[in-house]
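User: Please take a close look at one loop of this model, and then describe a helix elsewhere in the chain.

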Amino acid sequence: MADLSSYRNIGIFAHVDAGKTTTTERILKLTGKIHKTGEVHDGEATTDFMEQEQERGITIQSAATTCFWKDHRLNIIDTPGHVDFTVEVYRSLKVLDGGVGVFCGSGGVEPQSETNWRYANESEVARIIFVNKLDRVGADFYRVVDQIEDVLGANPLVMVLPIGREDDFSGVVDLLTRKAHIWPDPGNPEKFEIVDPPEAMTDLIEEWREKLIETAVEQDDGLMEQYLEGNEPSIEDLKHCIRTGTRKLDFFPTYCGSAFKDKGVQLVLDAVVDFLPNPTEVDPQPLTDEAGEPTGEVAKVSPEEPLRMLAFKIMDDRFGALTFVRLYSGVLNKGDNILNSFTGKTERIGRMVEMHANDRQELDSAQAGDIIAIVGMKNVQTGHTLCDPKAPCTLEAMVFPDPVISIAVAPKDKSGQEKMGIAIGKMVAEDPSFRVETDQDSGETILKGMGELHLDVKVDILKRTYGVELEVGKPQVAYRETITQEIEDTYTHKKQTGGSGQFGKIDFRIKPGEPGSGYVFASTVVGGNVPKEFFPAIEKGFRSMMEEGPVAGFPVLDVEIELFDGGFHAVDSSAVAFELAAKGAYRQSMPKAGPQLIEPIMKVDVFTPDDHVGDVIGDLNRRRGMVKDQDAGTTGVRIKADVPLAEMFGYIGHLRTMTSGRGQFSMEFSHYLPCPQQVADDVVAEVEERKRAS
């Protein structure tokens, strides 16, 4: 049995272009996993193995790899930074015990860093921080540390200080040992010198070292008392305190360097081993019942416990379907039968592999704490629990965001129809934020995703990986509907045919709900005018109608329905009669409740050089945007705004034209707001036109 205390399951996450993949490459080189470092800009990074990743220079899907450092086993997941692929970060954080948050030394805390940090906080993942790219123009370590405090509300514990700035950046000072680590030869990260730091930095080093010790000793009352009496704790005692505080998320050890120039990565690896928790030190995963309610039990991380593991990623590659799993407890052997608690079916484990990006190594067994891939499993989806058939259980499932954008696609020739169906089935299993449905009226296939880039990549994968040429329609916005007025109404469903009839009468109020509340049903009937056993049928009747609103047939949000009275017939009333009454009531009353179209509003974060700020703000205003904030940095200005998604199609092209190619932006869904009447009229006309055409 492997010693779980020497395991570290970590993820590397950050904003797009902060250098996560380059940092992962350096870690693999230092740990002897690869012998030649692949560069992202050459399309040769080990973990960016999809064609689309190599061309675009971005990470699209999280890649898993295993390596060793100082007798510790590191299971590392390199995650994407682009907001359209956030789901990859979310599901990776769900199964990890620790993380390395990478920040760009010149860009600082960027919008996607905030989203990923929020996810990591929700998942309660301990982290260390690596401020990368300190060799770049405008890089400023201390400014980024301030941003981490101000923007993220986090408490960075500075462990090293940079020596030199921008082109003169040559190494770092380790505050614990007061020694400088200098890398004289870029391209040779193993070769570095440990020397005394520059004399000019002495005061700065002492100032930051004092802050470090004061923060660390707060974790141990005994050491704190000694420190206040003038006795400095030993480095081992300090490391113990830092490990405790990191695990409790009280602070985040913060390092700096340049992954591209091979400076500072060893210290980050040492910190992963010294400060991030092993699988047994993390709060165990809660178990739930079939409805997703907590049972009060947990999956204790131990090889002696019954087998429990979570499938967190499905991937289809040239060897067949791969199911990535994190083992929380027990031991898994080749040939074992396991139960999928979601489907209730058992499957036999054929082949198990340890992944190194898209290469693999065969395994005969795995144990609690491992992250492995199983080849050829059927009917397993992201978030399913796999367990010992003798001890069935369900681990806390994952919740994924709803898509905000859709496109209609059709194969260019008839032979592509079947190929497209099979390919899309595989892609939906791999990516839970990618949805597909068929339009009932037109028969078109609708792809839904998190943004233009997300769907662009999906269409590209269909074309190249699966050989399906597609006709692609223009992007459609996921509009919704809601109501603006409260109304009170009554509806009677009566049907008399031979034999027993149907009867159900309901008196109800429909009113606008709180934003984000969805559909809420409540009953205040007293005196048994509508028997309790019919409430679920009435609730179900209303719920089933919420999929199609009265304005343009979009799903309805934020509506409260209260049943306050009604009537029933001892013989003719049934659940079906009351369900039909609710459906009729919806059709009768919703058009009277002031229905309106609401549109998705995106939180947009634009970076622009100083001399184009006016153009960018003017353009956002023309797109019906509300500018919320401006933040001037050393290399440009960040503008935060709320903009309707309908106005953001093709924005990257406009932004690059306005800013001579130097502007960048990211956006994520924020909330829904009512559409202006003109926009609503255009959308309704478009929907009617599509219906006529079909």
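Analyst: Gly513 sits in the loop that links strand E32 (502–512) to strand E33 (519–523); helices (H or I, at least four residues) and strands (E, at least two) are DSSP runs numbered from the N terminus. The model is predicted, so local features need pLDDT of at least 70 and side-chain atom pairs pLDDT 80 or more, while totals for chains, interfaces and linings use all residues. Residues are numbered from 1 along each chain as its sequence is written, and side-chain values use heavy atoms, without hydrogens or water.

With a relative accessibility of 18%, Gly513 counts as buried (under 20% relative accessible area; over 50% is exposed and in between partly exposed, with a 1.4 Å probe and protein chains only). Beyond its neighbours within four places in sequence, Gly513 is in contact (heavy atoms within 4.5 Å) with Asp558, Val559 and Glu560. Val559 is 46 residues away along the chain, yet its C-alpha atom is 4.7 Å from that of Gly513.

The helix to consider is H10, residues 416–430. Its buried residues are Gly416, Met420, Ala423, Ile424, Met427 and Glu430. These lie on the same side of H10, because they cover an arc of only 110° around the axis (taken from the directions from the axis to the C-beta atoms).

The axes of H10 and helix H11 (residues 452–464) come within 11 Å and cross at roughly 135°; axes are lines fitted to C-alpha atoms, for helices over the stretch in contact, with angles from 0 to 180 degrees between N-to-C directions. Ala423, Ile424 and Met427 of H10 make this contact with Lys458, Ile461 and Leu462 of H11.

Conventions. The expected span of a helix is 1.5 Å times one less than its number of residues.
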